[in-house]
Amino acid sequence: MGIAGAAIAAMLVVSPALAANDPPTGASLAAYVRARAAAADGAADIAARGYAIALADDPGNEVIAIRAFREGIAVGDLDLARRALAVLERSNVAPADTVMLRYADRVRARDWPGARAAAAQVAQGPLDFVGPVLLAWVAFEEGAADPAAELAAAEANVISRRYAAENRALLLIAQGDYAQAADALSALLGNDQASLDLRLNAAQLFQGKRQGKLARELLGGNDPVLVAQRSSLGRGAKAGAAFGASRLFTRLAADLGRDEASPLSILLGRTALLLDPTDDRARLLLADTLSQQGAGTRALALLDSIGAKSAFASVAQAARVTVLTRMEDEAGALAAAKALADAPGATVTEAQSYGDLLVDQNRFDDAAAAYATAMARAGEGADWVLNLQRGGALEQAGRWDEALPFLRRAVELAPQEPVALNYLGYAQVERGENLAEGQKLLEQARALRPDDPSITDSLGWAYVQRGQWDKGLPLLEQAAAAEPGDVTINEHLGDAYWRTGRRYEARYAWRAAAVHAEGDDAKRLAGKLADGLAPVTAAR
């Protein structure tokens with residue numbers, strides 16, 4: 001478990017006092033039981049209503065309160081979450097992360113002593129590295145001469161150093177020290193997502209301070225989000241604790257999202273939007289987290305609330321495809337992806353993503369056409385990946401003669417890419433064409449990636465196809481040991497065993513392959529299990 005994962009685990013631990021609390025009784029019990037059942041079925045809206053009823057009937061019950069808090073945050077019912085939080089705070093059993101909502105409420109009320117107390121509480125908990133940043137923004141609102149002085153403790157911590165440095169730069173803009181801010185930003189900015197977020201945040205603050213030139217300098221480049229932001233800066237953002245904390249919570253949610261979707265990620269997204277309803281980056285992250293947890297409808301509603309003029313409009317449209325795919329709405333996902341790929345000004349990426357989705361749905365002819373569109377848009381910049389994808393789609397569509405030039409071009413462009421080498425080599429071996437060349441390509445692929453079971457299987461199969469049993473069988477056995485559930489690998493191993501007279505072991509391998517086989521694969525394996533293999537003459 002990483003640092004972020006450990007922090008989440010610590011924050012969500014229920015205190016012994018809460019765990020020992022009596023379960024609901026009487027009139028609240030039925031509502032509580034129904035809410036638990038709804039939550040187990042993923043019906044968070046129904047669960048939240050049930051917990052609200054149970055909490056109203058038994059307003060001091062901490063067991064109900066903690067579940068009501070989590071479900072209230074999940075569905076966006078912050079009034080329910082606040083009522084539940086008040087119960088937990090009175091009993092001193094509130095999990096550590098719940099103070100984030102309290103901090104956001106204090107900032108919105110411009111209650112700076114209350115916000116400072118909440119930030120200090122954060123600084124004493126599992127996310128202690130966040131506390132100094134929250135305190136620094138409170139100090140700015142209080143008119144401190146050097147609000148960044150609160151960051152000193154954070155800058156000594158390796159975990160929090162980056163958060164502190166980013167917010168020091170934003171605080172410099174807020175205080176009107178533009179030259180120092182620009183210097184600080186230049187030392188921080190790179191090409192990663194965190195740097196992109198920082199560019200956008202700093203540009204919004206510069207624009208809010210009427211420093212349009214500095215804002216536009218930060219937004220240079222061809223990234224679609226930067227391009228969109230350049231044309232929609234407007235008045236920029238107002239510097240203050242609401243903006244700073246919103247962007248901090250969004251930044252932290254993005255980092256936590258790399259580990260796993262969690263209740264803390266949802267809480268951070270909700271509080272970020274509470275502090276700044278214009279934070280569309282927070283909307284995207286919250287939608288992604290909700291989608292991962294099965295709340296696709298709420299995720300789509302969030303994405304729909306991102307306006308066409310938002311810097312994140314195109315990202316939101318792409319995110320819809322992901323959400324619909326997770327909801328197993330294949331038709332909806334495909335329609336959304338096609339609309340993106342066909343839109344005026346659509347890029348290589350949109351056409352490529354549409355092709356990927358078509359491949360997932362086994363529509364290989366259509367996928368090949370989508371990749372052709374992507375390659376046309378890329379022109380001379382069409383890379384080995386695009387060539388491989390187009391060639392692969394054509395090959396799976398049964399159009400081998402058309403596929404081969406693109407597969408060869410992929411290897412020509414990327415002679416050290418084992419994926420390209422493996423695809424071209426195996427495709428030829430499987431067809432009994434150019435076996436010597438295919439074997440050579442596969443040997444090169446395995447030299448580059450010796451631990452890849454798929455490549456190991458491909459090379460082993462090439463040896464078997466050429467009658468080199470002493471080389472082929474050990475590789476197939478090695479691949480099957482590494483991927484015991486792989487249909488193709490186990491079928492290859494079974495075929496090799498059969499051809500060397502090891503009939504019992506062959507059927508064992510075929511049975512292993514049949515466990516996960518579907519469609520034509522399942523029928524073919526059933527035939528082999530029943531009748532074995534016809535004699536085959538090894539190719540040279």
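This is a predicted model: local features need pLDDT of at least 70, side-chain atom pairs count only at pLDDT 80 or more; totals for chains, interfaces and linings use all residues.
Student: With which residue does D97 form a salt bridge, and how far apart are the closest N and O atoms?

Tutor: A salt bridge is a side-chain nitrogen of Lys or Arg within 4 Å of a carboxyl oxygen of Asp or Glu. Here D97 pairs with R70, and the closest N and O atoms are 2.7 Å apart. D97 sits in the loop between α6 and α7, whereas R70 belongs to helix α5, so that the pair links distant parts of the chain, 27 residues apart. Helices are DSSP runs of H or I with at least four residues, strands are runs of E with at least two, and both are numbered from the N terminus.

Student: Is D97 buried or exposed?

Tutor: Buried means under 20% relative accessible area, exposed means over 50%, and partly exposed lies in between (1.4 Å probe, protein chains only). D97 counts as buried because its relative accessibility is 0%.

Student: Which residue meets R116 in a salt bridge?

Tutor: The partner is E142, at 3.0 Å from N to O. This pair also links distant parts of the chain: R116 is in helix α8 and E142 is in the loop between α9 and α10 (152–155), 26 residues apart. R116 counts as partly exposed because its relative accessibility is 26%; E142 is partly exposed as well, with a relative accessible area of 40%.

Student: What does the salt bridge between D279 and R247 tie together?

Tutor: In this pair the closest N and O atoms are 3.8 Å apart. D279 lies in the loop between α17 and α18 (280–292) and R247 in helix α16, so the bridge ties together parts that are 32 residues apart in sequence. Both D279 and R247 are buried.

Student: How many residues of helix α7 are buried?

Tutor: Eight of the ten residues in α7 (residues 99–108) are buried, and the helix is mostly covered. Among them are M100, L101, Y103 and V107. To identify the cover, one looks for contacts, meaning heavy atoms within 4.5 Å. The elements covering the buried residues of α7 include α5 (62–75), α6 (78–90), α8 (112–123) and α16 (241–257). Just after α7, R110 takes a positive phi of about 55 degrees.

Student: What do the totals say about the chain as a whole?

Tutor: The chain has 32 helices and zero strands. Of its 540 residues, 50% are buried. Among contacts with a separation of 6 or more, 53% come from residues 24 or more positions apart. The C-alpha atoms fill a box of roughly 85 × 65 × 45 Å, taken along the principal axes.

Student: Where is E330 placed, and is it buried or exposed?

Tutor: E330 is in helix α21 (residues 330–342), and it is exposed, with a relative accessible area of 52%.

Definitions and conventions:
Residues are numbered from 1 along each chain as its sequence is written. Side-chain values use heavy atoms; hydrogens and water are left out.
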